[in-house]
Amino acid sequence: MTEQNTRTGILLMILTTFIFAVQDAISRHLAAEYNTIMVIMIRYWFFAAFVITVASRNAGGIRAAARTRQPAIQIFRGVLLAAEVCIMVVGFVLLGLVHAHAVFASYPLLIAALSGPVLGERVGWRRWSAIGVGFLGILVILQPGTGVFTPAAMVALAAALCFALYGLLTRYVARQDSAATSFFWTGVAGAAVLTPPGLWLWEPMAGSDWIWMATLCVTAAIGHFCLIKAYEVAEASAVQPFAYLQLVFASVIGVYVLGETLEPNVAIGAAIVVSAGIFTLLRARRRTAVQRPG
């Protein structure tokens, strides 16, 4: 039964990464034509409606989902993720899907590096070594000191840092709040913070692009639903390494649909970063298994 659940969880995670890669391509298209904050605001309206609907159908309803002892951190988490999405979409426009995702793949390494100061976790020398190797991979991708390097590449790295902090804070609030509560605040806080600037920066959208916008909103809801189900049926440590497939799917879409180029240094650097990231995930999983009683 456990093996079957793990297999289902892995398949759901693979489906999630594919949906998110498609979603990223649509976001890149829309953000190239319209204000990024407006595009993400509309997406978050749908996301907030989705999390409120989910909460209303659970035991205790919306009031139970919103109940938290750490509202400031929960709100900050939601704001941080909304900022990360906006920054990353800007990265898609400036760099393309391939380059942006290659750099963004460093976020598990940032989580491992920051887990000590943020969560008080111990990071052993093996994981520190993997973190160092992973950031060598980032240098291979960015090629600083050469004509290839562009400051725009730092946009994707900033998004990775925001997402890493979001992930760490999610683990922090999980000590007191349920996953349903964190999910609720993620959608509601993000929609609340994006709405004022998004409305201020509103731009008329062409009819055909509203179809893309609707597709973006629907895929966002489906993707999050699949992600929730993946973590429901299998342990996070078993399915998390497969999240890296989003880089693969995004690269395929970028090259074959959007006409982007995959340079050798980006492919090599991304392989180094992903290998180091998977190693840190496996080390964390092994340590959790050792500490688990029984």
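Q: Why is phenylalanine 50 called buried?
A: In this predicted model, phenylalanine 50 has a relative accessibility of 17%. Buried means under 20%. The value falls under that cut-off, so phenylalanine 50 counts as buried.

Q: What makes phenylalanine 183 buried?
A: Its relative accessible area is 16%. The limit is under 20%, so phenylalanine 183 is buried.

Q: How many aromatic pairs does the rule give?
A: The count comes to 10 aromatic pairs. One of them joins phenylalanine 50 and phenylalanine 183.

Q: Why is the pair of phenylalanine 50 and phenylalanine 183 called edge-to-face?
A: The centres are 6.1 Å apart, with 90° between the planes. A pair needs centres within 6.5 Å, and edge-to-face needs an angle over 60 degrees. Both conditions hold, so the pair is edge-to-face.

Q: Why does this pair tie together parts that are apart in sequence?
A: Phenylalanine 50 lies in helix H2 (residues 36-57), and phenylalanine 183 lies in helix H9 (residues 179-200). The parts are therefore 133 residues apart in sequence.

Q: How do you know how the rings of tyrosine 107 and phenylalanine 163 are arranged?
A: Their centres are 4.9 Å apart and their planes are at 90°. The cut-offs are within 6.5 Å and over 60 degrees, so this pair is edge-to-face.

Q: Which parts of the chain does the pair of tyrosine 107 and phenylalanine 163 link?
A: Tyrosine 107 is in helix H6 (residues 107-119) and phenylalanine 163 is in helix H8 (residues 153-173). They are 56 residues apart.

Q: Is tyrosine 107 buried or exposed?
A: Its relative accessibility is 14%. That is under 20%, so tyrosine 107 counts as buried.

Q: Why is phenylalanine 163 called partly exposed?
A: Its relative accessible area is 23%. Buried needs under 20% and exposed needs over 50%. The value lies in between, so phenylalanine 163 is partly exposed.

Q: Which residues form one aromatic cluster?
A: Tyr44, Phe47, Phe50 and Phe183 do.

Q: What makes the span of H2 close to the expected one?
A: H2 has 22 residues and reaches 32 Å from its first C-alpha to its last. The expected value, at 1.5 Å a residue, is 32 Å.

Q: How many disulfides does a search of the whole structure find?
A: The search finds 0. A disulfide needs cysteine sulfur atoms within 2.5 Å.

Q: Why does cysteine 217 count as buried?
A: Its relative accessibility is 7%. The cut-off is under 20%, so cysteine 217 counts as buried.

Technical notes:
Residues numbered from 1 in each chain as written. Predicted model: local features only at pLDDT ≥ 70, side-chain atom pairs only at ≥ 80, totals over all residues. Heavy atoms only, no water. Phe/Tyr/Trp six-rings, centres within 6.5 Å; stacked < 30°, edge-to-face > 60°. Helix = DSSP H or I, 4+ residues; strand = E, 2+ residues; numbered from the N terminus. Buried < 20%, exposed > 50% of the residue type's maximum accessible area, 1.4 Å probe, protein only. Expected span 1.5 Å × (residues − 1).
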